[in-house]
Every structure is written in structure tokens, then in C-alpha cells.
Amino acid sequence: MQHNRQLDVKNDTFSFPISKGRIEGLVLVGLVATGAFDLVMYADMAITGIPLEIPNVLGGLVLGDDHQYVEPVGRLIHLGNGIGLALLFGFVALPISKKLVKLPTIVYGIAFAAVELVVAVWLGMLPALGAGLAGLNIGPEVPIVTLLRHIAFGAVLGISVRRWNH
């Protein structure tokens, strides 16, 4: 499928309208970036012993911790979140960022994930769950491991969007 896009190779910028192919591509990018997040998540859980498994946290919030479908429901929410973030990045954050300053797309992806981490996770979700600012009530490692997870997500997001668009 050919995309209706404009590409300025000199400035490494692009823009093209919402299209079925673009949405599908960003959905795939969201799934891949979420997979990168998960790889880092399972590695940091094995290293630190802190059971901060996001699908279980999300599933527990929706169904209650004792429900038999906590993990699969949480996994669907987690994947949906990754897809939603990829769509937000591809359709809103990246085009605006590219107009403000010219940087490699990976930088935009990492910056986007870092902002999402600080606003939604460190200042929102973790305090709301009683884990304190940036999860410090759980342990001093939590801000570091959540940062590493989001760097992985953002890097793969930026690399994948760049490769997919060219």
C-alpha cells in the first residue's frame, strides 16, 4: 500500500494524513515497543526481585487482585496502552516536535516516553497506588527501573517509526 506522504530528506521531516496503513503501522510499532518495555521489565524484576509487573498491576486495578483473569486482562490493557501511546506519538507528539526542533527520531521517542513516565507514572499512577512519588515507597530502585523500561519503549518507538516512515 502506498502512503500519501511528503518527505523532506534534507531536514529528515515528514508529514502525511491519517490513513489506514499509517494507523496499522503505528499499532504494530506500539506492540513492538511494548515488547521492548516488557523485556526490560522482566529483566529488572529478575535482578531486583521487585515484582512490579505492569500487566498484573493493571489487571488488579480493574478486576481486583484475586480475580482469575488478572494477568490476561492486565496484558490487554498494557498492550492497548502501548498502542495508544504509539498513536499519540505518531500523530501528535512527533509532528509537533519535528516542527519545533530537528533531532533524530529516536530522541523524540525517548523524550516522549520520559515525559509520559514522569507525568503519568511517577506523578500519577504510582502515588495513586500508594507507592509514593516515583514509587519510592516500594524501593529506591523503582524510579531507575521504570526509567529504563520507558527508555526501551521510547527508543524502539522512535527507531520503529523512523524506519516505518522511510
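Me: Why is Glu 71 called partly exposed?

Reply: Glu 71 has a relative accessible area of 32%. Buried means under 20%, exposed means over 50%, and partly exposed is what falls in between (1.4 Å probe, protein chains only). So Glu 71, at 32%, counts as partly exposed. Bear in mind that this is a predicted model, where local features need pLDDT of at least 70, side-chain atom pairs count only at pLDDT 80 or more, and totals for chains, interfaces and linings use all residues. Residues are numbered from 1 along each chain as its sequence is written, and side-chain values use heavy atoms, with hydrogens and water left out.

Me: And what makes Arg 75 buried?

Reply: Its relative accessible area is 19%. The cut-off for buried is under 20%, so Arg 75 makes it.

Me: How do you know that Arg 75 and Glu 71 meet in a salt bridge?

Reply: A salt bridge is a side-chain nitrogen of Lys or Arg within 4 Å of a carboxyl oxygen of Asp or Glu. For Arg 75 and Glu 71 the N to O distance is 3.3 Å, so the pair passes. Both sit in helix α3, four residues apart, about one turn of the helix. Salt bridges that share partners join Asp 38, Glu 71 and Arg 75 into one network.

Me: Why does the pair of Asp 44 and Arg 149 tie together parts that are 105 residues apart in sequence?

Reply: The two side chains meet in a salt bridge at 2.8 Å, N to O. Asp 44 lies in helix α1 and Arg 149 in helix α5 (residues 142-165), so that's what the pair ties together. Both of these residues are buried as well. By this rule, the count of salt bridges comes to three.

Technical notes
Helix = DSSP H or I, 4+ residues; strand = E, 2+ residues; numbered from the N terminus.
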